[in-house]
Amino acid sequence: MKEITRLLFHMQHCRGLGIKGTKRLLSQISDPLMIYSLSSSTIKRLSGSTAPNTELFHSDFHNFQIDHYEEYYQNNDIHWLSIYDEDYPELLKNVYDPPFVLFIKGRRELLKFPNKLAVVGSRQATSYTEDNLRTMMPGLARKNIVIVSGLARGADTIAHKTAIRAGAHTIGVIAGGFHHIYPSENNKLAEYMMKQQLLISEYPPETKPQKWHFPFRNRIISGLSRAILVTEAQKKSGTFITADYALNEGREILCIPGSVNQKLSEGTNALIKEGAKMVLSIEDIFFEFDV
């Protein structure tokens with residue numbers, strides 16, 4: 001498996017195929033290590049990619065200095081897991097389009113904690129989100145429930161910070177690489193989490209986050225977690241993307257209800273109306289986790 005992990009690490013640094021092309025390519029060959037000897041035309045046929053993208057991948061693949069990158073990452077405490085590794089999170093492995101490689105910085109053992117709660121909500125989250133999370137977080141910490149969020153502005157930032165202050169564990173799933181934290185105002189929080197908590201990404205450290213990375217990474221946030229807690233959200237907001245992933249992955253959606261007069265409660269109240277579980281106290285979360 002170490003050879004396959006090394007291969008996927010290698011491929012993750014190559015442009016052209018993307019996760020879908022890589023998935024198609026791997027599904028067409030009996031041994032992933034065959035990729036080292038495939039011609040560009042064969043990769044094009046098996047992956048279904050365009051000729052320019054295949055040529056780009058083939059060029060990157062055969063010019064990538066893997067030893068240099070492995071040494072650099074190890075010297076900077078950046079680790080990685082492939083989907084073939086035993087300690088790759090089992091829940092995440094079973095989502096649609098799971099990441100082939102996870103880059104990890106921080107306390108790797110947090111991935112093994114069985115009870116993870118994703119906390120998502122509006123980037124314009126108000127004190128209502130902060131008050132509720134601050135009240136709940138000490139209890140979640142006592143039950144060793146790990147808080148998973150996306151290090152974005154608003155609800156994500158509040159979730160990570162209140163977890164840390166309460167002594168809870170927290171995992172941040174970022175949309176780019178470790179060297180390009182977004183938003184930049186969270187650089188210090190990210191640096192702290194890379195030492196004392198855990199940050200993960202499916203992209204190499206030098207990858208700059210693209211607009212499409214943000215909704216796509218939500219499948220990892222929900223995929224790692226047993227349930228998703230929505231604090232505040234407008235209708236048709238990005239939070240609903242995570243909720244959709246969660247539903248598709250068989251995760252429970254928990255919502256904090258809000259005033260019918262508040263726009264940031266429209267989304268959570270709508271989700272409750274559609275069947276999400278209402279959270280009126282921390283006991284509702286404990287019941288979901290059976291703790």
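Which exposed residues does the face of helix 5 turned away from its buried side carry? In the predicted model described here, local features need pLDDT of at least 70 and side-chain atom pairs count only at pLDDT 80 or more, whereas totals for chains, interfaces and linings use all residues. Residues are numbered from 1 along each chain as its sequence is written, and side-chain values use heavy atoms, with hydrogens and water left out.

The face in question carries D67, E71 and N75. Here, exposed means over 50% relative accessible area, buried means under 20%, and partly exposed lies in between, as computed with a 1.4 Å probe on protein chains only. Helices (H or I, at least four residues) and strands (E, at least two) are DSSP runs, numbered from the N terminus. The buried residues of helix 5 are I66, E70 and Y73. Viewed down the axis of helix 5, these buried residues fall within an arc of 70 degrees, so they line one face of the helix; the arc is that of the directions from the helix axis to the C-beta atoms. The partners of the buried residues of helix 5 are helix 1, strand 1 (79–82) and strand 2 (101–106), where contact means heavy atoms within 4.5 Å. Just after helix 5, D77 takes a positive phi of about 55 degrees.

The axes of helix 1 (residues 2–12) and helix 5 (residues 66–75) come within 11 Å and cross at roughly 95 degrees. Helix 1 is therefore roughly perpendicular to helix 5. Axes are lines fitted to C-alpha atoms, for helices over the stretch in contact, and angles run from 0 to 180 degrees between N-to-C directions. Angles under 35 degrees count as roughly parallel, over 145 as roughly antiparallel, 65 to 115 as roughly perpendicular, and the rest as oblique. Helix 1 contributes R6, F9 and H10 to the contact, and helix 5 contributes I66, D67, Y69, E70 and Y73. By class, four residues of this contact are nonpolar, one is polar and three are charged. In this classification, Ala, Val, Leu, Ile, Met, Phe, Trp, Tyr, Cys and Pro count as nonpolar, Asp, Glu, Lys and Arg as charged, and the others, Gly among them, as polar.

A second pair of helices was also examined. The axes of helix 2 (residues 18–27) and helix 3 (residues 40–47) cross at roughly 100 degrees and come within 8 Å. Helices 2 and 3 are therefore roughly perpendicular to each other. Their contact is made by G21, R24 and L25 of helix 2 together with I43, L46 and S47 of helix 3. The residues of this contact divide into three nonpolar, two polar and one charged.

The loop between helix 1 and helix 2 includes R15. Leaving aside neighbours within four places in sequence, R15 is in contact with N53, L56, F57 and D60. N53 lies in helix 4 (residues 51–63) and counts as partly exposed, at 32% relative accessibility. Not counting residues up to four places away in sequence, N53 touches R15 and G16. The C-alpha atoms of N53 and G16 are separated by 4.3 Å, although the two residues are 37 apart along the chain. By contrast, the C-alpha atoms of R15 and T126, 111 residues apart along the chain, are separated by 40 Å.

Some backbone geometries deserve mention. Most residues other than glycine have a negative phi, and most peptide bonds are trans. D97, which is not a glycine, has a positive phi of about 55 degrees. This residue, D97, is placed in the loop between helix 6 (90–93) and strand 2 and is buried, with a relative accessible area of 4%. L151 has a positive phi near 60 degrees. The loop between strand 4 (146–149) and helix 8 (155–165) holds L151, and L151 is buried, with a relative accessible area of 0%. The peptide bond from Y182 to P183 is cis, with omega near 0 degrees, and P183 is found in the loop between strand 5 (170–173) and helix 9 (187–196).

In strand 6 (residues 198–201), S201 is buried, with a relative accessible area of 1%. Beyond its neighbours within four places in sequence, S201 is in contact with V101, L102, F103, I174, G176, G177 and F178.
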